[in-house]
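Have the structure open as you read.

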Amino acid sequence: MICSRTGAWRLLLGSAAIALAAAGAVEAKDLKVGLTSDAVHFDPQAGEELSSNIMFYHVYDPLVRRDADLNFGPGLAESWELTDDTTWVFHLRPGVRFHDGSDFKASDVVFTIDRLKASLMANLGANIVSATAIDDLTVEIKTPFPYAALPNDLAAILILSEAHVKAVGDTELDSSPMGTGPYKLGEWIKEDHITLLANPDYYMGAPKIDTVTFRPITNPATRTAALLTGELDIVQDLAVRDVDRVKGEAGFTVVTRPSLLNIVLAMDMREKSPTIALDKNPMTDHRVREAIARAIDVDTISAVIMNGLSTPSEQFVPASHVGYLPGADFHAMYPFDVEAAEQLMADAGYADGFTMTLDATNNRYVNDAQIGQALASMLAKIDIDLQLNLMPKSNFFGYIRVPSDNSSFIMSGWDVPSGDAGSMYSVLYYTRDVKEGYGQVNRGSYSNPALDALIDQADSTPRIEERAGYLRDATRILLDDIPMIPVHYEQDIYAARDGVVFTPRTDKFLWAYDMDVAE
Amino acid sequence: MLGYTIKRLLQMVLVLWAVSVIVFLMMSFTGDPVFMVIPIDSTQAEIDQARRILGLDRSMLAQYGIFIGNLLQGDFGRSYVFGQPAMELILERLPATMEIVVLAVVIAAVVAIPLGVYAGANPGRASSRAIMSGSLLGISLPGFWVGMMLIFLFSVRWHLLPSSGRGDAVEVWGLRLSFLTVDGWRHLILPSVTLSLGTLAILLRITRAGMMEVTRQDYMKFARAKGVSRRGVLYGHGLRNALIPVVTIFGLQLGDLIAFATITETIFAWPGLGKLLIDSIYRADRPVIVVYLMLVALIFVVINFIVDIVYTLIDPRITVK
């Protein structure tokens, strides 16, 4: 167990510090980070949530690296090429070592992918059929169909050491992780702190910060207090109400960045909808969907409910993504206009409106319950009586699951850290039940053969520019069809003491390797 | 006494069984744990695979049967989320909770009982009235507010104590204990004080009420007349006779604090049991919730048992049957 080494580590750290001070060497830099929750896993194939993800990328490396702005580039793989439409060859970086000093080899990649396919996180490898080692530094990966976004997918697959996993066993990997990453696990005291120690032999160069301590502090006010008292150097998810307080304090900076999480409203497109007591589902009519879109004032939601800390979303994916359509803006196509919305409702034959239910969470997204209430009052203006069915996230995702027998109108969040709209469109908008791995979360039963065809085409070219072209066309169709209404991106808010060099990442994965501290 | 113990043990088994059934039934309404574990865009095949891995592919009844079967062999099941044995998750957090709870009840008892005796013996004095008004505050101020105010004053404003976390700890027989280090004590003070306030106020009021009742009794005056000192009468005769309800409440409060120190732990980011319970409820992590609540039930049963024994020590007229 990690805990039993506590004393030893402290001694080691202590004597190291003394030795350094005595030698008059550069002072060891340390950083204390306040997280919203403790990591659950150090085994990247055992589960995922933000805190664990943050740890994974410190300890392990992917073949393809995703930078702070969602650009993809070489990681453990130096280069890659296509040999035929469904076969990729990855050339691994030579001379990379795991923390235990052993060499990183192609067999580790193969082991990682095989283990992934049998794990809870099998979804991460959904577009990989097989991986084969050609030689120690070459891996061949096959996809089920020509799939141009494979490198993006690989950025989420972290490479394990075959020998280590086999030595410690599957369940023990959580407590004794080992990878090639810039940091090693020092100690992990559950719910108290995680200490990571720099890996001086890291292949991109030794990290600037020697020791990183993560402390899980769930209560936002306590997190702010711990920053202000100097117990922490930087905190994640600063509470909205503390933003002005921290800005007003000398020596601290607040940093915000739009996140990838797009809050969207899915509309049921079946002939008969579960919560609407009419023979025909009004939302099958494009005019009704447009009326709903025009009745929702995203700017007011942003200003009043989100305190300005949200960015109305123009499309279903952000501008950094493959498939984003430059210049198109949903809220410019269907601007907030109650009169026009009423007219559309009347034209469609629903001048008296109708009643339906919104399914939403009350503990998953920022102010989710309040957004639901605001939507109810906005839609009341066009005589849609929106009943709210709010529930905790533990119930929600089972409740809304396809075939969504309970739902007509669903609010949920969607993010695509792979930076590729295709992975979202294929599961969310492809016609349901016609193709394995497609349309499985198409909760509104949206179906458009033209869109399906574009997704099929995108998934049949191994060339990313062609894929981007098809996906841009798909975005155009989706903006016209309105199967969903994009609402906004939440904003990530960080606060740090001055002297911490920090640029927030779009994917929220704090990475100490990119950071520095000046005293 | 032996018969009593056996009867209590049987009762305990019954209580634990009832808790396990209730939690199992309740958890079937709180959502599907699979969706808390896997990515939401997983395909049906991936969902099925996850169900198999977690053992959720069987009927509720079969799952309960497996749970009971394993339980009888000492296996309490694995957390869906952590993948670790549920008992291990709980035991590794228990020492931290016990530390603040024990310190909190010690603070409560040490402060409340003398003040209660004083206020009960001298009900008319202004100082007694001040004590009683203070205890009202202790009962009515919510713990989270008190905790935040203490952090604001002692950490942010005056920089006297750390705001959160557990600080340095040393390991003794595999248990991490922070009350053996100076830094640990600095971290312990604020959460323990916050946690103690409610209990302190209740104990104080009950001690006072008991003392007011008892001081009117003839044997008190008689003891004084015989020449026993006032202090001796108050503590030797008075408090002893007023103590039965105090002990009862003390026991209940102790169990309550161990089981539900959640709010205080969250505010001070204290790595105890409470946060585990809340997180597990959010994540529909049934194995952890079942074991947690069974442990809580066990703690209550044991505390009540001890309280009954303590009754006989305080008042020899009481016997357990």
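The notes below take the interface and then the strand.

This is a predicted model, so treat the numbers as computed from it. Between chain A and chain B, about 4,200 Å² is buried, and carbon and sulfur atoms give 54% of that. On the strand side, we'll look at strand 14 of chain A, which has 7 of its 8 residues buried.

**Who touches whom**
- Chain A puts 49 residues into the contact, and chain B puts in 54.
- Three residues stand out on the chain A side: Leu120(A), Lys190(A) and Glu191(A) supply 16% of the area that chain A buries against chain B, more than any other three residues.

- The rule picks up 3 salt bridges between chain A and chain B.
- Glu191(A) pairs up with Lys275(B) in a salt bridge, with the closest N and O atoms 2.8 Å apart.

**What chain A's side is made of**
- Helix 1 (6-23), strand 10 (211-216), helix 6 (220-228), helix 13 (393-399) and strand 16 (409-414) of chain A each give two or more residues to the side that touches chain B.
- By type, that side of chain A splits into 19 nonpolar, 17 polar and 13 charged residues.

**Strand 14 of chain A**
- Strand 14 (residues 354-361) is largely enclosed by the rest of the structure, because 7 of its 8 residues are buried.
- Strand 14 runs parallel to strand 15 (residues 384-391) of chain A, and 8 bridges join them.
- Across that pairing, Met356(A) sits opposite Leu386(A) in strand 15.

Key:
Residues are numbered from 1 along each chain as its sequence is written. Chains are lettered from A and ligands numbered from 1 in the order in which they are written. This is a predicted model: local features need pLDDT of at least 70, side-chain atom pairs count only at pLDDT 80 or more; totals for chains, interfaces and linings use all residues. Side-chain values use heavy atoms; hydrogens and water are left out. Contact means heavy atoms within 4.5 Å. Buried area is the accessible area (1.4 Å probe) that two parts lose on being put together, summed over both. A salt bridge is a side-chain nitrogen of Lys or Arg within 4 Å of a carboxyl oxygen of Asp or Glu. Helices (H or I, at least four residues) and strands (E, at least two) are DSSP runs, numbered from the N terminus. Ala, Val, Leu, Ile, Met, Phe, Trp, Tyr, Cys and Pro count as nonpolar, Asp, Glu, Lys and Arg as charged, and the others, Gly among them, as polar. Buried means under 20% relative accessible area, exposed over 50%, partly exposed in between (1.4 Å probe, protein chains only). Two strands pair if DSSP finds at least two bridges between them.
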